[in-house]
Amino acid sequence: MRLFQIYFSPTGGTKKIVDIMSKSWDCEKTEIDLSNSLEDFSGFVFNENDVCIVAAPVFGGRVPMPAIPNIRKLKGNGAKAVLIAVYGNRAYEDALLELKDTASLAGFCCVAGVAAVAQHSIMNQFAAGRPDLRDEEELIEFSERIKGITEQNTVESELWVPGNDPYKEYKVVPVIPETGEECNQCGLCAEECPAGAIPKENPMLTEPEKCISCMRCVVICPQKARYADEGLVEMMSKRLGEVCSVRKESELFLLDFVEE
């Protein structure tokens with residue numbers, strides 16, 4: 001058996017969740033970064049003996065737009081998929097269902113869904129420090145239960161996860177990172193942008209029609225020259241303060257099995 005850690009994680013929060021849940025499997029492990037815009041994901045072919053953790057953050061209740069076509073290019077061939085939607089303590093809405101539908105169309109057998117919380121990528125005060133120790137203990141318990149399911153020889157039904165179809169309209173948070181005078185135009189942000197929103201010939205710019213406000217460029221900039229507008233972030237924080245301030249817990253959804 002092989003375990004594949006497949007994730008879209010612009011600022012690292014989703015990858016932290018994936019790393020925690022992967023601890024339960026003692027086998028060959030391979031990481032696949034869906035945010036790599038230069039990768040040809042059609043070359044990844046799995047089989048029914050593989051377990052694939054497929055994880056993405058939640059942007060406005062949906063899976064980030066660039067992640068969807070990359071998941072579709074994967075060739076599941078009946079591999080068991082563990083789906084994880086990671087959100088910043090507001091709500092995950094239709095993201096887990098969208099993730100399940102996309103993975104199913106790619107040929108995966110979806111056996112479990114997890115909604116987990118990580119520190120908000122824009123408003124860092126929400127879910128600050130998460131996943132924390134309490135989260136880790138719960139996620140490891142989830143993964144042990146999921147591992148038991150992946151080892152069963154059973155006839156499976158369809159995994160149920162919450163969400164609406166049609167999904168809610170895709171709208172990203174309108175926070176377009178700006179560039180300060182510290183920028184030395186090293187080009188790392190343009191190279192790493194999963195949406196291709198930063199021109200390589202002029203990395204001081206950001207194309208607003210392409211930007212998904214994932215904050216990857218802000219986090220990885222070695223000069224700390226990229227930043228989000230503080231006034232806009234403060235305004236959004238006040239608007240979401242009440243709903244984001246109450247701690248949300250991880251949720252687990254498992255496939256119902258019928259014994260052969």
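**Backbone features and aromatic rings in a predicted model**

N77 is found in the loop between α2 (67-73) and β4 (80-87), and its phi is near 50°, a positive value in a residue other than glycine. The structure described here is a predicted model. Most residues other than glycine have a negative phi, and most peptide bonds are trans.

**Positive phi angles**

- N77 is partly exposed, having a relative accessible area of 48%.
- Q185, which sits in the loop between β7 and α5 (188-192), has a positive phi near 55° although the residue is not glycine.
- Q185 is partly exposed, with a relative accessible area of 45%.

**Cis peptide bonds**

- The bond that leads from R130 to P131 is a cis peptide bond with omega near 10°, and P131 belongs to the loop between β5 and α4 (133-150).
- D165 and P166 are likewise joined by a cis peptide bond, for which omega is about 10°, and P166 lies in the loop between β6 (154-156) and β7 (178-179).

**Aromatic rings**

- The model contains 5 aromatic pairs, and one of them is formed by F46 and F108, whose rings are tilted, with 5.6 Å from centre to centre and 45° between the planes.
- This pair links distant parts of the chain, since F46 is in the loop between β2 (28-33) and β3 (51-57), while F108 is in the loop between α3 (95-105) and β5 (109-117), 62 residues apart.
- Both F46 and F108 are buried, and together with F4 they form one aromatic cluster.

Terms used. Residues numbered from 1 in each chain as written. Predicted model: local features only at pLDDT ≥ 70, side-chain atom pairs only at ≥ 80, totals over all residues. Heavy atoms only, no water. Phe/Tyr/Trp six-rings, centres within 6.5 Å; stacked < 30°, edge-to-face > 60°. Helix = DSSP H or I, 4+ residues; strand = E, 2+ residues; numbered from the N terminus. Buried < 20%, exposed > 50% of the residue type's maximum accessible area, 1.4 Å probe, protein only.
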